[in-house]
Amino acid sequence: MDLNLKGKTAFISGSTSGIGFTTAKTLLEEGVTVYINGRDQLSIEKAVIQLKDEVVGAKVFGLVADFSKFEQVENLIKRLSEIDILINNVGIYSSKSFFETSIETWQEQFQVNLMSGVALSKYYLKGMLDRNWGRILFISSECAYLVPPDMISYSTTKASMHAVSRGLALLTKGTGVTSNVIVPGSTLTKGAKTFLADKAKKYDTSPEAIEKDFFNNDRTSSLLKRFASTDEIATTIAYLCSPLSSATNGSVIKVDGGSSGGIL
Ligand SMILES: NC(=O)c1ccc[n+]([C@@H]2O[C@H](COP(=O)([O-])OP(=O)(O)OC[C@H]3O[C@@H](n4cnc5c(N)ncnc54)[C@H](OP(=O)(O)O)[C@@H]3O)[C@@H](O)[C@H]2O)c1
């Protein structure tokens, strides 16, 4: 499908692997110039090489920035002055009880998960409004709805994103700019594969059995009953980046396999 994205430029935070990486690939296939990001030069170079191998003629570049360090975000903005599409994808989490989660962990997760998107939007939204076209996407999580007791800090950062995105959308009234939230459910990234493989080894069973067990016991609300592939998330992100999604603004779009429940 031609998403009418040729000639656009996108930045994706935290995109050397996982959902961000697959989104980069999907946008490159649509003719978008993509700036990927991670914390170190080596992992970025590896990802750029892989994307160039997989997508003929890919216009892909890398920008190092650790979103836990504000000065690195400022440097990134100095190096990339203008983009059409901003995908606030970077996200970190921990699995710990509320009482064991330190205030520093809360602060770090807010810095990386929420403030990265705030800082980048504060800068790039202005240019988008001036040019009367742009897309801002916040990658949230099913945890914003489920709030697992061992992930309260992560879930809170994700829920906050929804308010920021809605607020930004109100600033775009009457323009060609939109701001939306995408809510992935459990997704088969490298991290998830390692989690399944390690647990399978520990309990002397297969990753498939562990996956089944996860959806029977931990994500009981899932209708999909399996991890989504990164492609399944990236295709929805790519559509929302495109001019085809022009009537969707200030919205929350779920790609969570039904896990967050409810009708909203
Ligand atoms: N996977 C899931 O099941 C799932 C479910 C719901 C929502 N989500 C959300 O979807 C988004 C992507 O998740 P994912 O699972 O695809 O991620 P991931 O596989 O864990 O990817 C991590 C990426 O983030 C980068 N990164 C980590 N910390 C960073 C930092 N401080 N500054 C800059 N880059 C950083 C890593 O780069 P380097 O290592 O190269 O530095 C890597 O490119 C996140 O916001 C996550 O919360 C994921």
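Predicted model: local features only at pLDDT ≥ 70, side-chain atom pairs only at ≥ 80, totals over all residues.
The shell around the ligand holds 28 residues. Among these, Thr 16, Arg 39, Ser 43, Asn 89 and Tyr 154 come nearest. By type, the shell divides into 8 nonpolar, 17 polar and 3 charged residues. Several elements contribute to the shell. Helix H1 (18–29), strand S2 (33–38) and helix H6 (152–171) each supply at least two of its residues.

Thr 16 places a polar side-chain atom 2.6 Å from a ligand oxygen. For Ser 17, a polar side-chain atom lies 3.4 Å from an oxygen atom of the ligand. Ile 19 takes part through its backbone: a polar backbone atom lies 2.7 Å from a ligand oxygen. On its own, the ligand has 900 Å² of accessible area, and the protein covers 84% of this.

Helix H8 spans residues 207–217. Its buried residues are Ile 210, Glu 211, Phe 214 and Phe 215. Viewed down the helix axis, these buried residues fall within an arc of 130°, so they line one face of H8. Helix H7 (190–202) is included in what covers the buried residues of H8. The face of H8 turned away from the buried side carries Glu 208 and Lys 212, which are exposed.

Conventions
Residues numbered from 1 in each chain as written. Heavy atoms only, no water. Buried < 20%, exposed > 50% of the residue type's maximum accessible area, 1.4 Å probe, protein only. Helix = DSSP H or I, 4+ residues; strand = E, 2+ residues; numbered from the N terminus. Arc of directions from axis to C-beta. Contact = heavy atoms within 4.5 Å. Near = heavy atom within 4 Å. Polar contact = N/O pair within 3.5 Å; in protein donor to acceptor, adjacent residues only side chain to side chain. Areas by Shrake-Rupley, 256 points an atom, 1.4 Å probe, with all protein chains shown as cover. Nonpolar A, V, L, I, M, F, W, Y, C, P; charged D, E, K, R; others polar.
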